[in-house]
Amino acid sequence: MLYRDMGRACFVLGRLDDARRLGDRAFEASSDLRGVLAGALQLLGDIAAHPDRFDAERGEAHYRQALALAEPRGMRPLIAHCHRGLGKLYWRTGKRQEAQEHLTTATSMYREMDMRFWLEQAEAELGPS
C-alpha cells in the first residue's frame, strides 16, 4: 500500500514518472492482495488518462481490471473513482455516451456515500444538467 500511496502523492504533485514507477511497484508487490492491487490499477489508470501521458487503451484496461477486482469486494469509493476515470477518458476520446454513463454512475455513488469533494468534481465533469 505504501507504493500506491506514494505513487498517488506523486501523481497529485504532477511527478508522473515517479507516480508511474511507484504504481508499477505497487502492482508488482500486491499481486496476492486483490484489494491493494485494485488500488494500484486505478492509479495506473489515472496516470494513463493524464493529458501528459495519455494512453486511452492502457487507461481503460487498468480501470476495467481495477473494477473487476473492486466490485466483488464492495470497494465502493474505488469503484466510483474508476467510473469517474473511465468517464473522463471516454470524454477525451469522443465517446460521449459512454462518458456520460460512467460519470453519472460515479456521481450517483459519490452522492450515496456523501463524498462531497468527489461529487463536486464528477458533477463539474458531467456538465450542467
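Predicted model: local features only at pLDDT ≥ 70, side-chain atom pairs only at ≥ 80, totals over all residues.
I began with the largest pocket, and found that H5 gives the most to its lining, with six residues. Residues are numbered from 1 along each chain as its sequence is written, and side-chain values use heavy atoms, with hydrogens and water left out.

**Pocket.** About 420 Å³ of space lies in the largest pocket. Of the 17 residues that line this pocket, Arg8, Phe11, Asp46, Arg84 and Lys88 are the closest to its centre. The elements that give two or more residues to the lining are helix H1 (2-12), helix H3 (34-49) and helix H5 (76-92). I took a pocket as an open set of points on a 1 Å grid over the protein atoms alone, where a 1.4 Å probe fits, with protein on both sides within 12 Å along at least five of seven lines, and lining residues as those with an atom within 4 Å of a point. Grid points are joined across faces, edges and corners, and the volume is the space filled by probe spheres set on the points. Helices are DSSP runs (H or I, at least four residues), numbered from the N terminus.

**Helix H3.** I checked the length of H3: its 16 residues should span 22 Å at 1.5 Å a residue, and its end C-alpha atoms are 22 Å apart, which agrees; the expected span is 1.5 Å times one less than the number of residues. H3 is mostly covered, since 14 of its 16 residues are buried (under 20% relative accessible area, with exposed over 50% and partly exposed in between, for a 1.4 Å probe and protein chains only).

**Cysteines.** I looked for disulfides (pairs of cysteine sulfur atoms within 2.5 Å) and the structure holds zero. Cys10 is in no disulfide, and the nearest cysteine sulfur, that of Cys82, is 20 Å away, which is too far for a bond. Cys10 is buried, with a relative accessible area of 10%, and Cys82 also counts as buried, at 0%.

**Aromatic rings.** The structure holds two aromatic pairs, for which the ring centres of Phe, Tyr or Trp (its six-membered ring) must lie within 6.5 Å, with planes under 30 degrees apart called stacked, over 60 edge-to-face and the rest tilted. Phe117 and Trp118 form an edge-to-face pair, 5.0 Å centre to centre with 85° between the planes. Trp118 counts as partly exposed at 30% relative accessibility, and Tyr110, Phe117 and Trp118 form one aromatic cluster.
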